[in-house]
Each structure stands twice: as structure tokens, then as C-alpha cells.
Amino acid sequence: MHIPLKSLKILALDCQTTGNSLKYNDLLEIGWLEFSAIDPLTPQGPLPVTFVVRQPRQPPLSKRIQKLTGIGDNNLKSATDAKAVLDHLLLKASEVARANRAALCPVAIHYANFEMGFLNKLNRQSHHGHSLPFNVICTHQIACKLMPQLPRKGIRAVAGYLGHSIPTAKRCAHHLVATAHIWRHLVELLADRHSVHTMDQLQRWLKYAPLPAKTRAYPMPRDRRLGLPDSPGIYRMLRSNGDVLYIGKATSLRKRINSYFHKRRHPEAILEMLTQAVELEIAQTGSALEAALRESDAIKRRNPPYNTALVSRHRKVSFISRDFASHSPIMNQTHPLGPVPSVEPFSAANALGKFMGQNGNTSYDISRIMAISDDAGPDASTFQSGVALFQEKYCLVLGRMAIGPALLHIGRLSWKEKLTRQEIEASIDSESETIEGATVWEWNPQAVVGRLESICRRCAFMLRRARWFAVLSESTVAWQAGGNERKDLNIVVMHKGNILRNDTSRGSTIPIPPGSATGHAKRRARIDLARYDRLRVLTTEIRRLITEDRLICLRLSERVYLRSPQFRLLFNWI
């Protein structure tokens, strides 16, 4: 084929599947986009064509795939039959082939081997009788030869390196536009570096050109990171198009950022991020505590794709009814407990209370009571024996209290028991984590008791934290600045859960918090997700100061203070 690559009509193709196994999984979504390297990719340009594919198996989607793609039951209700989708694709491929005056349609796919496996499987199942009329171009294969130094060469990493952002949801439309952007840049690089201008030349180059040595190199300029200050602050890693990839905090900006490039082992997500990061923005702060608080607020404003904690997407705080049966985004008379970052343990406790109150005589859902997936729980006999053992162990508590307060009291007793055994570390900072024992596979009655105790502990812990955050929301935190011969105090004044003042004082006076007279319930009612995370971060930083043996004082009112020795006992519980 002698048509120049830059003017060749291409069909970008993308598939999303229900899993990685060609034998056990199926196509979930298929999409394509017709374009050429010289076509401007603008919102007014050609739009991707996508189809959610009707599923042949039940249950169709795991929770993991639903979370990754955003495809759920509503999408599947309007899904298209796989054979009909293939017919549409073949029709479009023939149009593109005719436009190029060729027998085969050039198809650009990232990770072509994976997706063509599923497409060939669909083609066989549809009994077309012919191989797919595609001239497949694997953009991943080309990127490996053209850019061997990049730490990662997945579609998100390569597109980001080339200045294109892909939304976090794995959907065909996003990946098709990204594939088109990648192809345009690859065509330019092929021409400039290797004088590859046509499809025939590209195929010869892919076949005979040696694969360069894999010497990892990061796009971030070395001089940029080596010249950073050795001081606390927050940093933002940026793509070439200015998008914020990640926001972090540091006690030393220089050491923290350079640690990314000195470590040999990183999680995949970090390597993917470092493949795209070409620039830094930093903001120095007066202390590590201030940096942590500023980081929390900055993440809320930008929701960077590589931050997993403190982002606001899909997260909320809730208020709970006294019987744990319902929840609300706002505090009211029906929902006075909270705020809490997850309703899961309370729903489980409510289901457990109902089961015990009915003596197990009605239908019940083990997965709901134990807050566990359907396929991970114990059998019915083991579960019932475990609940009976739980009731026997805590019969005195369950016999004299309503079920909600009783389960919270059990949670406190169980927490105290674990403290006695020193199984709860002082560094615990658990908000979004799952209930302990979530992956128990060898169930027995005692393991069921442990799981139920964990649910009670989690409920009691979250409500203790809610009360603590209400206290902290109207307070003044003062601590001795590190390495300071004059013994200056760092001061943070909190008002309505926000930072009202943050500076260094040369005196010994700790300001009275302006909202110290505010009632406890009103304080809790004000705490939204941003305030909750800010107070959680502040709690973590206070804990860090305590472990560093720093002198710290929390002023709550004109006469009420908490000092370092009191914190050590308190933080075992919050």
C-alpha cells in the first residue's frame, strides 16, 4: 500500500471485555473511529461509534469490571447483540478499505493481540466463514520500538506522554480518541526518525528493525527535580498539556520527589504516572502539618487521576439513624449519628440485629450481614453456629440494651480486648479501608464471631472519630517547631472545620478557638467530605508529632487544654 501514512484512512478500534480470559470472558463494549493522521481531532470532528454488547453469561459483570468501566445494569438493558455489532463493524471496515483503494482495512489498536483474540472469537461464533478483513496496526508495538525508554507503554501512559488526557473510566470512546492521538504522533516520529512514510515501509520496519535496548528514562528533566528546596510543601506533577496528574505532600520536597526516580520498584500506577510527568509545580509551607492540610484541599479542588486517597469522586459522608437502618447526607432528627465515611458496617450491623432479633427464623442474607461478597462467606450452618457463639459470648450486653447501643458497646469491648493484646497499632488511620477479616476463606464459627466483632468495632470506631472531629473542628493546635532554638510555636486555628489561621508564634500564648462555644451537634452537622478529610489529615499529623516526641497542645476553650501525655491514651481509640 503506497498511500502516505499521514493521509491513510484508519479505523481506530477498541474493545472492553468482562475479563482477561479468552475462554471464560466476553466482549463488553466495542467501538471504532474513522480518521487519518492529517484530520484535526476536535470536538467537531468524527465521533467514535460505540456499542455495549449483550452478555451471554449470568451474572454478566463483576463489581470490579463495573467499577473500572462504569458500565452497569442500565447499560446492559439497552445492549446490542454481538453479531449485529460485528456486522456494523465489517460494513464500516469495507467502506474504509474502499476509500484507501485496498482489499483490507487498516485498523489501529493498542495491544492488538489481546483485542484481536476476542474479535476473532466473535467472528468464529458468528459463522461468517472468513477471517476479519483487517490490516492490523499495533500502536503499542510501534511505541515499544520508537520510545523504548518510557517506563510504561500502555495506552494511558503513551497518550499522556504525548499530551493527551484519558478519563479514568475504561470506555471505548475515550480509548479510541487516545489511539487516534497516538497514531498521529507515531506517524510524525516514524517519518522523522526512520523515513517510514507508507504502510509497506512500516511493516518492513516492524519486521526487520531491531528492538532498542530497554534503558528506562523519565520525561521529567533531571535538573528540575535536583534543584528543589529541602523544605516542607506540596507538589503537583503535570502532563505536557498542563493537566495535574498527582498532588502530594512532603516534609522535604527535594527528598520526596527525587525518591520517585531513585527507587527501582514502583507500583504500576506510579510508573504510568511517571511516564507522563514532565513538569512540577511546588508550594513551600511553614510545616509538614500545613503541607498535609493544604494537600487535602488541593486534591479536592483538582481530583487528580493518580490520587486514590482524599479525592472526592464517588465518596461522601453520611449520617446514620440510631437503629442503623437508614442514612442521610445531612444530619437531622432521624439521622443523628455521624458523620461517617462509609455506611457499609452500619448496614451490616442492622442486618445482624434483625437476624438475632428474629432468632434466625426468617430468610436472611449472609453476605449482607457479614459485609462480604456472595462467594466469600461461610455456609449457612457455619454462619448460624457463629452467630450463636457471638450471642453466647455477649449475652449480658445483648440482654440489657437495645440492639444498636448493644452492638456499639460490643465494638468498644472488642476494641479494648485487642488493645490489651496490642493488636491495634498506634499508627492506625482507617477510614475508607474495609472491615477486618474481609478475605477469610476457611470459615468456622469462631471466624464468624471475629468477623461480627470487626463490624461492631468499625461502627464504634467511626462514631468515636465523628465525635473527635467535632471537637477538633473548633480548636487551636500548637506544637514546638522542629530544630528551633527559640522554641517558637507553630499555630493552626480551626473554625467550622476550616483553617482560620496558620502561622508561627514567638510567644507562648495559644489563641482561644473562636468557635469554642459552638454546640457539639452543630459542629458535627457542619462536617462535609472536605472538612472530614481535612480533620482526618490533621489527626494523622498530630499523631505523627506525638510519635516524634514533639511538645503539642490542643486548646479547646478558654480553660480546656489537651497535652501530649493525654493524646497518647486518646489516640489508641481514635
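Me: Why is helix 17 called roughly perpendicular to helix 18?
Reply: In this predicted model, the two pack at about 95 degrees, with axes 7 Å apart. Axes are lines fitted to C-alpha atoms over the stretch in contact, and angles run from 0 to 180 degrees between N-to-C directions. Roughly perpendicular covers 65 to 115 degrees, so helix 17 is roughly perpendicular to helix 18.

Me: What makes a set of residues a nonpolar core?
Reply: It takes buried Ala, Val, Leu, Ile, Met, Phe, Trp, Tyr and Cys residues joined through side-chain atoms within 4.5 Å, where buried means under 20% relative accessible area (1.4 Å probe, protein chains only). The largest has 37 residues, and L452 is one of those touching the most other members. Helix 18 gives the largest share, ten residues.

Me: How do you know that strand 9 and strand 10 pair?
Reply: Pairing needs at least two bridges found by DSSP. Strand 9 and strand 10 have two, in the antiparallel sense, so they count as paired.

Me: What are the ground rules here?
Reply: Local features need pLDDT of at least 70, side-chain atom pairs need 80 or more, and totals for chains, interfaces and linings use all residues. Residues are numbered from 1 along each chain as its sequence is written, and side-chain values use heavy atoms, leaving out hydrogens and water.

Technical notes
Buried < 20%, exposed > 50% of the residue type's maximum accessible area, 1.4 Å probe, protein only. Helix = DSSP H or I, 4+ residues; strand = E, 2+ residues; numbered from the N terminus. Parallel < 35°, antiparallel > 145°, perpendicular 65-115°, else oblique.
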